[in-house]
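Q: Could you take me through this model, starting with its pockets and then moving on to helices and loops?

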Amino acid sequence: MKNRAKGLLSLWLTGHLLACSVLPSAALSQTDFDEKYAASQAHLSTLPAQVGSVGGEWLVIGLTRADAYSDEQKAAYEKAAAKYVRAVGSDRLHPRKSSDNARMILALSAIGRDARDVDGYDLTEPLNDSTYVAKQGINGVIWALIALDACDYPCRQGTREALLDKLLQARHTDGGWGLDAVSDPDVTGMAVQALAPYRFYDEKIQAALDRACELLASMQQESGGYLSYDDFNPESCAQVITALSCLGVDVQQDERFCKDGKTPFDSLLRFSVPDGFAHSLGGSYNQMATEQAFYAMTAYRRMQTGKTPLFEMSDVQSFAVADIDGDGHVTINDATTVQRFLAEYDESLSAPLQKLADLSRSGRVDISDVTLLQRQLAE
């Protein structure tokens, strides 16, 4: 308990010091951001709802989390998703890519629908199967964790712990992640997004996130101030911006990411074209680049305005049941478990269970969470 309190104090001090050490101004003005954000949103809003990695779920997530998706559009996507799942005829939307499930779970959660019942199929269930998730490598692990945490979807006991362990074990010696032996900004950014919700409950996870942020900052070269990666593209910039926004880091103000008067947003906007973004410098409009850039801008806007992070859908609808003991039911035993944790200064509750027990979303488990759980049982 003392270590956890020290960790929370350290987090507060870190945020306070960062807030006090911001640069006086950033190269990208708020007007520049607002105009590009509005133009991209206006174009994406005209596209029809469909299922797919391009023109599908990422578009739905970005627009919905930007409060720019109508009820009619949400209903159209829900219908398209149900039709797609019915055609597949399985709760596994792809034989090897569990991220297909994760992507649809996130889109359905964003529009306020329960991904556990899509035309009778529970899309969250396959993410409990570590063998299935592992078929896609670290990418599958990352998105399974993000999807399950979107609404704190119930899962088998130990599932979240196993996903976290695999993600932390996959880190490279430089503190980053990649699809091969070299850390890259895309995968590192996505891994940070997956770990971010657990930072208040585990000092080891907080340390891993600190190290990842140091690596991402080092990838932004001093020369010219632009993000400079081996495979420089707007998707890389988008994942970095989304990750840091999920941590509450303002990339327009944090001095680690403001170099030579430029920030990751300056790098992103180098790919700006009419209606959106290109995939390469000097290229033409690209749908994937535009969708990722837009949802990164949405993640930043949500952070700016004090809303929940991009992939934390508790503001839409929470399906959390606080099943602490993992028996499949919420009972008084779950409240008792949390009370014992508090009374005995017991560190046995894992980070995922602490996150689940933190019903007040305060970043810590305290007596108010026990009260909320008891009220949930009583009602």
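A: Before the pockets, the terms: on a 1 Å grid over the protein atoms alone, a pocket is an open set of points with protein on both sides within 12 Å along at least five of seven lines, a cavity is a set where a 1.4 Å probe fits but cannot get out, and lining residues have an atom within 4 Å of a point. Grid points are joined across faces, edges and corners, and a volume is the space filled by probe spheres set on the points. This is a predicted model, in which local features need pLDDT of at least 70 and side-chain atom pairs count only at pLDDT 80 or more, while totals for chains, interfaces and linings use all residues. Residues are numbered from 1 along each chain as its sequence is written, and side-chain values use heavy atoms, with hydrogens and water left out.

Q: What volume does the second largest pocket have?
A: The volume of the second largest pocket is about 610 Å³. Its lining is made up of 29 residues, and those nearest the centre of the pocket are Arg199, Phe200, Cys246, Pro309 and Glu312. Two or more lining residues come from each of helix H7 (138-149), helix H9 (185-195), helix H11 (234-246) and helix H13 (287-304), where helices (H or I, at least four residues) and strands (E, at least two) are DSSP runs numbered from the N terminus.

Q: And how many cavities of 30 Å³ or more are there?
A: The search of the whole structure finds 1 cavity of 30 Å³ or more, and the largest cavity has a volume of about 30 Å³. The residues lining the largest cavity are Val51, Glu57, Tyr84, Leu93, Asp100, Arg103 and Met104, with the largest share, 3 residues, coming from helix H5 (residues 99-110).

Q: Stepping back, what is the average pLDDT of the chain?
A: The average pLDDT, which is the predictor's confidence in each residue from 0 to 100, is 88 for the protein chain, and 88% of the residues score at least 70. Residues 1-26 have a pLDDT below 50, and beyond near neighbours in sequence this stretch makes 26 contacts in the model, a contact being heavy atoms within 4.5 Å.

Q: How many helices and strands does the chain have?
A: The protein chain has 16 helices and 2 strands. Of its 379 residues, 51% count as buried, where buried means under 20% relative accessible area, exposed over 50%, and partly exposed in between (1.4 Å probe, protein chains only). Among contacts with a separation of 6 or more, 69% are between residues 24 or more positions apart.

Q: Can we look at H16, and which of its residues are buried?
A: Helix H16 (residues 367-378) has 12 residues and spans 17 Å from its first C-alpha to its last, close to the 16 Å expected, the expected span being 1.5 Å times one less than the number of residues. Asp369, Val370 and Leu373 are its buried residues. Seen down the axis of H16, these buried residues fall within an arc of 100°, so they line one face of the helix, and the arc is that of the directions from the helix axis to the C-beta atoms.

Q: What do those buried residues pack against?
A: The buried residues of H16 pack against helix H14 (332-343) and helix H15 (351-357), whereas the face turned away from the buried side carries the exposed residues Ile367 and Ala378.

Q: What about H4, then, and what follows it?
A: Helix H4 (residues 71-88) has 18 residues and reaches 26 Å between its first and last C-alpha, close to the 26 Å expected. Its buried residues, among them Tyr77, Ala81 and Val85, pack against helix H3 (57-65) and H5. Gly89, with a positive phi near 75°, follows H4.

Q: Switching to loops, where is Asp67, and is it buried or exposed?
A: Asp67 is in the loop between H3 and H4 and counts as exposed at 59% relative accessibility. Although Asp67 is not a glycine, its phi is positive, about 60°.

Q: Last one: which residues does Gln41 contact?
A: Leaving aside neighbours within four places in sequence, Gln41 contacts Leu63, Ala66, Ala68 and Phe294. Gln41 itself is found in helix H2 (residues 30-44) and is partly exposed, with a relative accessible area of 24%.
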